[in-house]
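Q: How should I read the strand pairing, helix packing and aromatic contacts here? Please take them in turn.

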Amino acid sequence: MKELSAKCLEGLKNKKVILCVSGGVDSMVLLDIVIKYSNELNITPLVCHFEHGIRGDESVKDMELVERQCRRYGIMLLSRQENIPQMCVGENLEEFARNRRYAFFYECLKEQEADYLVLAHHKDDNCETLVMNIIRGCGTKGLCGMQKIRGRLFRPLLDFSKEQLYAYAKNEGIEFREDSTNADVSYLRNSIRHEIMPALKNKNAKIYDAIDRLREIASLENDFFEKHIAGLDWIIAMPYGYDIEVKEYLSAHDAIKRRSILYVLKRLSGKDYDYGIFETIDALSSKETGKVAIAPHGIKIYKGEKVLSFVRQREPINSEKKLSLPGETITPFGVFISEQVYKVDIRHIKSAPKNVCYFSLEDNSKLTVRKRSQGDKINCFGGGTKKLKDVFINKKLPVFLRDFVPVVCCGDEILWIPGVMRSSKYPFNGEKGIRLEFIEKK
């Protein structure tokens, strides 16, 4: 078949790839095409196969077919057998099996130092995925379906129908296996394939082409939105997550508002969110300062005076750590680098960045770093002390960050809060002292 040629594999030229082969017609055709053009395109292929134990002897025979074909082609096979029904307790079996399968695929990708996992999804799969997303309730992004290249996944067959793959297999005499569970319409995807799509095809003989056009349009528009949102100057990347300026957010079109929320949440958690989250965040944006909303997947949203702060939840820091002098000390806050210094120009000290501080200490052995404690005070230049709580309030440091700000102490005395304030105690005299640098944990 002319269309299934080296052209669909051009993105794999000069690459080392792992072909994910199940034994079905799609992946066996993929294997044949890659082997056929591997010399022409300088592709180094390996095969991985995951036998999940769900279909007993049937899935073992799938594995045996893949093994035979790999021996025939002289290609390395990486395989694993697991008893998924026994391992899966209290979870969706199909989803659990998929997660275990992909975990194995990515393990192979890493161990073999390959460039791509190559998957055999085709046009029919993509259309069925789009219909399934609509049934489950999706936004425009859900209409984009699968992409040919996403990260280190490569899908060269997305432009070809299942019918074309069967025809190719017949013409080339390719042996393949049929999965008996594919006929079980109690699974949503199978119901779409065997019931919904045939009904739609009765209304439009080219329904797969029509859905694929919708997918292409949605993908183009989604790409435009993604680039537009990424260029907005009122979405600000921060060490703890993202800030969205409330004034700009409230004045934006609803489509931009929703996309901006999706953009931030996806980058923080890597997960997709349903539309209920927009109502939560819209309501929060109009509330008073200090209010908090909790989003799924470990994200908290704080209403500040001028911003909505999207924050990854972090493990609390409760330990106190002694600083190595001189040397490098890794702490839960980040890294502290210390060195002994001599005869430093005072002008250089005054112009030092906020993450660097100089001290003159007689006893360096008592330097530690910890989080804030109730009742903490710091000595001020000009005399007197100030409560740490008041320092944070004056600096407009958000409440959610205060337990993650390092407090450098000498014994019971606070010397320095990197990026916030230093104590008037132990000022550097320019002759001999300690230079301390803090590199924040990302």
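Q: In which sense do strand 5 and strand 6 pair, and over how many bridges?

A: Two strands count as paired if DSSP finds at least two bridges between them. In this predicted model, strand 5 and strand 6 (residues 153-154) are antiparallel, joined over 2 bridges. Arg-150 faces Leu-153 in strand 6.

Q: What is the strand order of the open sheet?

A: The 6 strands run in the order 3-2-1-4-6-5, and the pairing is mixed. Strand 3 (77-81) and strand 5 (149-150) are the edge strands, each pairing on one side only.

Q: Which strands does helix 1 lie across?

A: Angles are taken between N-to-C directions, from 0 to 180 degrees. Helix 1 (residues 25-41) lies across strand 1 (16-20), strand 2 (44-51) and strand 4 (116-118), at about 165° to strand 2. Helix 2 (residues 57-73) also packs on the sheet, where it touches strand 2 and strand 3 and makes about 165° with the direction of strand 2.

Q: How many aromatic pairs are there?

A: Rings pair if their centres lie within 6.5 Å, and the count is 11. Tyr-358 and Phe-428 form a tilted pair, with 5.6 Å between centres and 40° between planes. Tyr-358 belongs to strand 15 (residues 356-359), while Phe-428 is in the loop between strand 21 (421-422) and strand 22 (432-440), 70 residues apart.

Q: Are Tyr-358 and Phe-428 buried or exposed?

A: Buried means under 20% relative accessible area. Tyr-358 is at 5% and Phe-428 at 10%, so Phe-428 counts as buried, as does Tyr-358.

Q: Which ring does Arg-98 lie over?

A: Arg-98 lies over the face of Tyr-102, 4.5 Å from the ring centre. Tyr-102 forms one aromatic cluster with Phe-50, Phe-104 and Phe-105.

Terms used: Residues numbered from 1 in each chain as written. Predicted model: local features only at pLDDT ≥ 70, side-chain atom pairs only at ≥ 80, totals over all residues. Heavy atoms only, no water. Helix = DSSP H or I, 4+ residues; strand = E, 2+ residues; numbered from the N terminus. Contact = heavy atoms within 4.5 Å. Phe/Tyr/Trp six-rings, centres within 6.5 Å; stacked < 30°, edge-to-face > 60°. Buried < 20%, exposed > 50% of the residue type's maximum accessible area, 1.4 Å probe, protein only. Lys NZ or Arg CZ within 6 Å of the ring centre and 35° of its normal.
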